[in-house]
Amino acid sequence: MPKKDLNEKFYLVREDVLPEAMQKTLEAKQLLERGHAGSVWEAVRSVDLSRSAFYKYRDTVFPFHTVVKEKIITLFFHLEDRSGTLSQLLGLVASCGGNILTIHQTIPLQGRANVTLSLNVTDMNVPLDEMLNRFKKLEFVEKVEVLGSGA
(Lines give C-alpha, C1' and ligand atoms only; values in the text may rest on other atoms or scores of the structure.)
Protein backbone atom coordinates (compact mmCIF):
# COMPACT_ATOMS: atom_id res chain seq x y z
CA MET A 1 0.00 0.00 0.00
CA PRO A 2 1.50 3.41 -0.96
CA LYS A 3 2.31 5.81 1.83
CA LYS A 4 -0.28 8.56 2.33
CA ASP A 5 0.80 12.20 2.03
CA LEU A 6 -0.53 13.68 5.27
CA ASN A 7 0.92 17.14 4.65
CA GLU A 8 -0.61 18.05 1.29
CA LYS A 9 -0.70 21.85 0.97
CA PHE A 10 -2.11 24.30 -1.53
CA TYR A 11 -0.50 27.50 -2.84
CA LEU A 12 -1.59 30.55 -4.76
CA VAL A 13 0.91 31.14 -7.59
CA ARG A 14 1.10 33.93 -10.17
CA GLU A 15 0.47 32.73 -13.74
CA ASP A 16 3.76 33.99 -15.18
CA VAL A 17 5.76 31.63 -12.97
CA LEU A 18 3.72 28.52 -13.83
CA PRO A 19 5.37 26.06 -16.21
CA GLU A 20 3.99 26.24 -19.74
CA ALA A 21 2.42 22.76 -19.42
CA MET A 22 0.34 23.90 -16.43
CA GLN A 23 -0.79 27.06 -18.25
CA LYS A 24 -1.81 25.01 -21.29
CA THR A 25 -3.61 22.52 -19.04
CA LEU A 26 -5.70 25.40 -17.68
CA GLU A 27 -6.45 26.54 -21.25
CA ALA A 28 -7.48 23.01 -22.27
CA LYS A 29 -9.73 22.66 -19.21
CA GLN A 30 -11.40 25.94 -20.08
CA LEU A 31 -12.04 24.78 -23.66
CA LEU A 32 -13.65 21.61 -22.33
CA GLU A 33 -15.75 23.44 -19.71
CA ARG A 34 -17.09 25.93 -22.25
CA GLY A 35 -17.83 23.26 -24.84
CA HIS A 36 -15.30 24.63 -27.35
CA ALA A 37 -13.64 21.22 -27.45
CA GLY A 38 -15.56 17.97 -27.61
CA SER A 39 -12.84 15.78 -26.15
CA VAL A 40 -9.59 15.93 -24.22
CA TRP A 41 -7.74 15.07 -27.42
CA GLU A 42 -9.32 18.04 -29.22
CA ALA A 43 -8.58 20.42 -26.34
CA VAL A 44 -4.92 19.44 -25.92
CA ARG A 45 -4.33 19.50 -29.67
CA SER A 46 -5.70 23.05 -29.92
CA VAL A 47 -3.38 24.33 -27.15
CA ASP A 48 -0.39 22.24 -28.30
CA LEU A 49 -0.14 20.09 -25.18
CA SER A 50 0.42 16.36 -24.77
CA ARG A 51 -2.40 14.29 -23.31
CA SER A 52 -0.03 12.89 -20.69
CA ALA A 53 0.82 16.42 -19.47
CA PHE A 54 -2.88 17.28 -19.36
CA TYR A 55 -3.69 14.22 -17.25
CA LYS A 56 -0.68 14.89 -15.01
CA TYR A 57 -1.86 18.40 -14.11
CA ARG A 58 -5.64 18.46 -14.64
CA ASP A 59 -6.53 17.67 -11.00
CA THR A 60 -3.75 19.78 -9.49
CA VAL A 61 -4.04 23.21 -11.13
CA PHE A 62 -7.12 25.46 -10.98
CA PRO A 63 -7.85 29.08 -11.86
CA PHE A 64 -8.05 31.24 -8.74
CA HIS A 65 -11.59 32.46 -9.45
CA THR A 66 -12.92 28.89 -9.43
CA VAL A 67 -11.32 28.12 -6.09
CA VAL A 68 -12.77 31.28 -4.57
CA LYS A 69 -16.34 30.93 -5.84
CA GLU A 70 -16.75 27.17 -5.90
CA LYS A 71 -18.62 25.84 -2.90
CA ILE A 72 -19.24 22.26 -4.02
CA ILE A 73 -16.53 19.63 -4.24
CA THR A 74 -16.60 15.99 -5.24
CA LEU A 75 -14.33 13.59 -3.41
CA PHE A 76 -13.38 10.05 -4.42
CA PHE A 77 -12.37 7.47 -1.80
CA HIS A 78 -10.87 4.02 -2.18
CA LEU A 79 -11.64 2.20 1.08
CA GLU A 80 -11.09 -1.07 2.82
CA ASP A 81 -14.42 -2.84 3.28
CA ARG A 82 -15.01 -2.64 7.04
CA SER A 83 -18.16 -2.22 9.03
CA GLY A 84 -18.83 1.44 9.84
CA THR A 85 -16.40 3.03 7.38
CA LEU A 86 -19.03 5.05 5.53
CA SER A 87 -20.48 6.20 8.84
CA GLN A 88 -17.03 7.40 9.96
CA LEU A 89 -16.48 9.28 6.68
CA LEU A 90 -19.84 11.00 6.97
CA GLY A 91 -19.19 11.84 10.62
CA LEU A 92 -15.87 13.46 9.69
CA VAL A 93 -17.56 15.55 7.00
CA ALA A 94 -20.15 16.69 9.55
CA SER A 95 -17.50 17.51 12.17
CA CYS A 96 -15.74 19.74 9.61
CA GLY A 97 -18.99 21.57 8.81
CA GLY A 98 -19.45 20.09 5.34
CA ASN A 99 -22.90 19.33 3.98
CA ILE A 100 -23.26 16.07 2.03
CA LEU A 101 -25.20 16.49 -1.21
CA THR A 102 -24.73 13.07 -2.84
CA ILE A 103 -23.24 9.69 -1.92
CA HIS A 104 -22.34 6.91 -4.31
CA GLN A 105 -20.79 3.67 -3.06
CA THR A 106 -19.81 0.68 -5.17
CA ILE A 107 -20.37 -2.89 -4.08
CA PRO A 108 -17.22 -4.03 -2.27
CA LEU A 109 -15.03 -6.34 -4.32
CA GLN A 110 -12.00 -8.15 -2.93
CA GLY A 111 -12.27 -6.23 0.33
CA ARG A 112 -12.29 -2.78 -1.31
CA ALA A 113 -15.02 -0.27 -2.15
CA ASN A 114 -15.16 3.10 -3.87
CA VAL A 115 -17.18 5.99 -2.48
CA THR A 116 -17.85 9.32 -4.16
CA LEU A 117 -19.16 12.21 -2.06
CA SER A 118 -20.34 15.59 -3.31
CA LEU A 119 -20.16 18.20 -0.57
CA ASN A 120 -21.24 21.77 -0.05
CA VAL A 121 -18.25 23.32 1.70
CA THR A 122 -19.68 26.82 2.17
CA ASP A 123 -19.90 26.56 5.96
CA MET A 124 -16.82 24.43 6.66
CA ASN A 125 -15.11 25.19 9.95
CA VAL A 126 -11.72 23.81 8.83
CA PRO A 127 -9.74 24.42 5.63
CA LEU A 128 -10.31 21.91 2.83
CA ASP A 129 -6.72 20.65 2.91
CA GLU A 130 -7.07 19.96 6.65
CA MET A 131 -10.22 17.91 6.08
CA LEU A 132 -8.44 15.95 3.33
CA ASN A 133 -5.54 15.28 5.69
CA ARG A 134 -7.97 14.02 8.34
CA PHE A 135 -9.47 11.62 5.78
CA LYS A 136 -6.00 10.34 4.88
CA LYS A 137 -5.26 9.61 8.53
CA LEU A 138 -8.16 7.15 8.74
CA GLU A 139 -6.61 3.69 8.54
CA PHE A 140 -9.30 2.29 6.24
CA VAL A 141 -8.85 5.09 3.65
CA GLU A 142 -6.43 3.91 0.98
CA LYS A 143 -6.91 6.90 -1.32
CA VAL A 144 -8.78 10.20 -1.34
CA GLU A 145 -8.87 12.57 -4.32
CA VAL A 146 -10.67 15.77 -5.20
CA LEU A 147 -12.45 14.85 -8.45
CA GLY A 148 -13.76 18.31 -9.10
CA SER A 149 -15.44 21.38 -7.86
CA GLY A 150 -18.37 23.40 -9.08
CA ALA A 151 -20.93 25.94 -8.03
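**Helix packing, strand pairing and positive phi values**

In this predicted model, the buried residues of H1 pack against helix H2 (40-47) and helix H3 (51-57), where contact means heavy atoms within 4.5 Å and buried means under 20% relative accessible area, with exposed over 50% and partly exposed in between (1.4 Å probe, protein chains only). Residues are numbered from 1 along each chain as its sequence is written, and side-chain values use heavy atoms, with hydrogens and water left out. Because the model is predicted, local features need pLDDT of at least 70 and side-chain atom pairs count only at pLDDT 80 or more, while totals for chains, interfaces and linings use all residues.

**Helix H1 and its flanks**

- The residues of H1 that are buried are Lys 24, Thr 25, Leu 26, Ala 28 and Lys 29; helices (H or I, at least four residues) and strands (E, at least two) are DSSP runs, numbered from the N terminus.
- H1 has 14 residues and reaches 20 Å from its first C-alpha to its last, close to the 20 Å expected at 1.5 Å a residue, the expected span being 1.5 Å times one less than the number of residues.
- Val 17 lies in the segment before H1 (20-33) and is exposed, with a relative accessible area of 51%.
- After H1 comes Gly 35, which has a positive phi near 80°.

**Strand pairing**

- Strand S1 (residues 72-80) pairs with strand S3 (residues 112-120) in the antiparallel sense over nine bridges, and two strands count as paired if DSSP finds at least two bridges between them.
- Within this part of the model, Leu 75 stands opposite Leu 117 in S3.
- Strand S2 (residues 99-105) is also joined to S3, by six bridges, and S2 and S3 run antiparallel; Gln 105 has Val 115 in S3 as its bridge partner.

- Most residues other than glycine have a negative phi.
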